[in-house]
Protein chains: 2
Amino acid sequence: MLRRFDLTGLIEEVRETNAKKIGIQLPDGIKYWIFEIVRILEKEGFEVVVSGKASYGSCDIDLELLKKVDLLMHFSHTPVIELDRVVYVPYKVEYNVESVLKTLRTEDIEFERVSLTATSQYAHKLEEVKERLEDEGFKVYLKKGSDRVKMKGQVLGCNFTSVDRRAEAVIFVGDGNFHPKGIAIYSKKDVYAVSPLEEKLRKFRKDEVEKFIRERYTLIAKAMECKNFCVVASSKPGQNRLDLAVKLRNLLNSVNCNSIIVYTDEVRLENFPCECIINTACPRISYDDWRVIKKPVLTPQEAEIIAGKRSLDDYEVDEIL
Amino acid sequence: MLRRFDLTGLIEEVRETNAKKIGIQLPDGIKYWIFEIVRILEKEGFEVVVSGKASYGSCDIDLELLKKVDLLMHFSHTPVIELDRVVYVPYKVEYNVESVLKTLRTEDIEFERVSLTATSQYAHKLEEVKERLEDEGFKVYLKKGSDRVKMKGQVLGCNFTSVDRRAEAVIFVGDGNFHPKGIAIYSKKDVYAVSPLEEKLRKFRKDEVEKFIRERYTLIAKAMECKNFCVVASSKPGQNRLDLAVKLRNLLNSVNCNSIIVYTDEVRLENFPCECIINTACPRISYDDWRVIKKPVLTPQEAEIIAGKRSLDDYEVDEIL
């Protein structure tokens, strides 16, 4: 499993920087290998400290740990911002392109023009997948999105700019529901999600998006009855939208919504006496986690609707570009 | 309620620093007033951002927020470390000294020599309490502890140096069980805890400490069977013991306990593949929270016992001095 990280080449690169103290940061899904990774680096003579912080993406760089070490190795995510002394360690899942095609064939894909997408762990083989899909008669768009994504076809939880608008449907290669659900919401297209490890296909239909929008309308209606608002600004380096938070606070206060700015790395705010949260941190927290948080969590665009600055018809999903 | 903070004098002081952007940080217990406090500061012309981080003590200074503002107002705790651009806002609970005496009289205190203690919110009246106790015939020690505590008789969750060893028992003024339980464990003396707001007296007997020590022995025995250890070093400025964590990791590895250092601000480590946590962050997490964490959480001294560097007879509680 460790080969997926290609540590050998990387260790040479790190050695050239003369770094002695190394910080390492891994997402939960691969923390399983942490002892093994530390032992490999120690054997090479490095002093290693592991980050205990969450690491959902490269918006989550552990700046506190970075202060204590010469170099921080951030595993499994591509950079969303450039930071000095931070090295990104790609994590590539090896998978069989043929089995992706086989899995796709289990469903009739009614469209001809498809946009091809994946998470960073799977994107390295998309050119190959594209060729095979073209052999099957599809017109395939494999597009590089905004600067925040690094690989062709790559999507993040907050960025779907690599989805080509000309496509009729989207094919996604990767694990879980988080990304394909995001693609469906943002692109308003049907999504065919292939998990190469499970060899399973799941379909996310564009009409589910309408249900999603209806839920958001209900939430906006609830929020309109609230008095005290916390506008969250994230302290995570890759989600920093404090200026936007300031604007929204001023906007809400101007229409007599009592609001304050809260700077934080976790949008829970259990002990804050507010009935509603306006979230400028990770957009997916607004969409996926508000039930857990037990208060309406609204996006910047939804806050504008509450303040009467945007109409319901002009509903837009929140994305960090 | 707000008068307890004496914001008027403070605002003058803050204005003299020419600060425009103010960060504020409050413990959960007083977050109730957050909107009121922000409005008062805004009315004075300051731009205000509230910290969303935990604030259990002044070990919890929000350094990320400090980067974004001219000045950080940290409410309700006395400084444990000095930091530039951080202002500490005392929170004093007004209480009736006579009612403290009355409450104490509900129990026969069998001792003559007592050490008088309180949390920072209650310590401002300890001189007065001392006088009244002396009127009643007690010999009262009211001692200033180490640099980490600022007021005479003041205790922290991790520092009980203001308890005078010559006393036969300890009188504590304040809320909750957290501090008096700590005093009993650390001092091995009976503690009489008076809550002035509830007008209630609770007794923490020194023999409960023996039960506590037995529990720790059981935990040490469990930990001796573990293979993979995470040694936690806190990123909180007031709990920084990374050097100690490095020493403990080396010690454990030298006796074939597989250990790594984890740098974090929350000692949960749910997703780390270790069976045991060695905690150099807040000592009280080791003593009070290990059941919630569901893994043995051991102090530095207990780690030394595991590594055979300290004997069980030489058991010592962990304190940050």
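Biologist: What makes K236(B) and D60(B) a salt bridge?

Modeller: This is a predicted model, in which local features need pLDDT of at least 70 and side-chain atom pairs count only at pLDDT 80 or more, whereas totals for chains, interfaces and linings use all residues. Residues are numbered from 1 along each chain as its sequence is written, chains are lettered from A and ligands numbered from 1 in the order in which they are written, and side-chain values use heavy atoms, with hydrogens and water left out. A salt bridge requires a side-chain nitrogen of Lys or Arg within 4 Å of a carboxyl oxygen of Asp or Glu. The closest N and O atoms of K236(B) and D60(B) are 2.7 Å apart, and the pair therefore forms a salt bridge.

Biologist: Which parts of the chain does this pair link?

Modeller: K236(B) is in the loop between β10 (228-234) and α8 (242-254) of chain B, and D60(B) is in the loop between β2 and α3 (63-68), 176 residues apart. Helices (H or I, at least four residues) and strands (E, at least two) are DSSP runs, numbered from the N terminus.

Biologist: Why is K236(B) called buried?

Modeller: Buried means under 20% relative accessible area, exposed over 50%, and partly exposed in between (1.4 Å probe, protein chains only). K236(B) has 10% relative accessibility, so K236(B) counts as buried. D60(B), at 4%, is buried as well.

Biologist: Why is R15(B) called partly exposed?

Modeller: The relative accessibility of R15(B) is 34%, so R15(B) counts as partly exposed. The side chain of R15(B) meets that of E44(B) in a salt bridge (2.6 Å, N to O). R15(B) lies in helix α1 (residues 7-16) and E44(B) in the loop between α2 (34-43) and β2 (47-51) of chain B, so the pair ties together parts that are 29 residues apart in sequence.

Biologist: Where do R284(B) and D288(B) lie?

Modeller: Both lie in helix α9 (residues 283-288) of chain B, 4 residues apart, about one turn of the helix. R284(B) forms a salt bridge with D288(B), the closest N and O atoms being 2.9 Å apart.
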